[in-house]
Amino acid sequence: MNTFVKIGLYTLALLFTASLYKDLTVGTPIHSDTLKQAEVVSDDVINSMAAHVRVMKGETVLSIVEDLNEESIQEININQILNDFKKLNPETKPLEIKAGSYYYFPLYNRKEADL
């Protein structure tokens with residue numbers, strides 16, 4: 001049994017070393033699309049066209065955007081709302097938001113108020 005334990009430990013050590021080597025040499029690729037989207041959305045733009053909201057259980061992107069924008073939301077296409085959410089939160093999919101987390105949601109009625 002002692003021999004099997006030694007072989008198992010050597011195997012684990014070899015796998016760990018190979019994994020560490022690959023991680024340090026190859027690493028995790030950074031997607032250029034995410035970087036481009038993150039650079040496009042500056043803090044000034046986010047503050048003027050979005051609200052930072054904590055998601056409660058049962059809420060969706062559309063329900064939160066409807067609550068924030070009230071009447072002006074009926075003029076906006078659902079695809080436009082989802083695309084704007086993706087621009088404001090480049091690393092989050094609109095259908096995968098989590099309760100208790102904070103996200104930026106687009107404000108459409110602010111544009112009309114500023115005119």
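What share of the contacts in the chain with a separation of 6 or more is accounted for by residues 24 or more positions apart? I looked that up before anything else. The share is 68%, where a contact means heavy atoms within 4.5 Å.

**Ground rules.** I'm working from a predicted model, where local features need pLDDT of at least 70 and side-chain atom pairs count only at pLDDT 80 or more, while totals for chains, interfaces and linings use all residues. Residues are numbered from 1 along each chain as its sequence is written, and side-chain values use heavy atoms, with hydrogens and water left out.

**Layout.** I went through the elements next and got six helices and two strands. They run α-α-α-β-α-α-β-α from the N terminus. Both kinds are DSSP runs numbered from the N terminus: helices are H or I with at least four residues, strands E with at least two. Of the 115 residues in the chain, 22% are buried. Buried here means under 20% relative accessible area, exposed is over 50%, and partly exposed is in between (1.4 Å probe, protein chains only).

**The core.** Then I checked the largest nonpolar core and found 14 residues in it, with V61, V65 and F105 making the most contacts inside it. At least two residues each come from strand 1 (50–54), helix 4 (61–69), helix 5 (78–88) and strand 2 (102–106). Helix 4 gives the largest share, three residues. My note on the term: a nonpolar core is a set of buried Ala, Val, Leu, Ile, Met, Phe, Trp, Tyr and Cys residues joined through side-chain atoms within 4.5 Å. In soluble globular proteins, nonpolar side chains tend to be buried together.

I clicked on V65 to see its partners. Not counting residues up to four places away in sequence, V65 touches I73, I81, F105, P106 and Y108.

**Helix 4 against helix 5.** How do these two pack, by angle and by distance between axes? I get an angle of about 95 degrees, with the axes 11 Å apart. Axes are lines fitted to C-alpha atoms, for helices over the stretch in contact, and angles run from 0 to 180 degrees between N-to-C directions. That makes the two helices roughly perpendicular; the cut-offs are 65 to 115 degrees for that label, under 35 for roughly parallel, over 145 for roughly antiparallel, and oblique for the rest. V61, L62 and V65 of helix 4 meet I78, I81, L82 and F85 of helix 5.

**Aromatic rings.** I counted three aromatic pairs. Rings of Phe, Tyr and Trp (its six-membered ring) pair if their centres lie within 6.5 Å; planes under 30 degrees apart are stacked, over 60 edge-to-face, and the rest tilted. F85 and Y103 are a tilted pair, 6.1 Å centre to centre with 55 degrees between the planes. This pair links distant parts of the chain, F85 in helix 5 and Y103 in strand 2, 18 residues apart. Both F85 and Y103 are buried.

F85 also pairs with F105: the ring centres are 5.3 Å apart and the planes at 40 degrees, so this pair is tilted. Here F85 in helix 5 and F105 in strand 2 are 20 residues apart. I checked accessibility too: F85 is at 0% and so counts as buried, and F105 is buried at 0% as well. F85, Y103 and F105 form one aromatic cluster.

**A loop residue.** Last stop was T92, in the loop between helix 5 and strand 2. Buried or exposed? T92 is buried, because its relative accessible area is 19%. Leaving aside neighbours within four places in sequence, T92 contacts F85, I97 and Y103.
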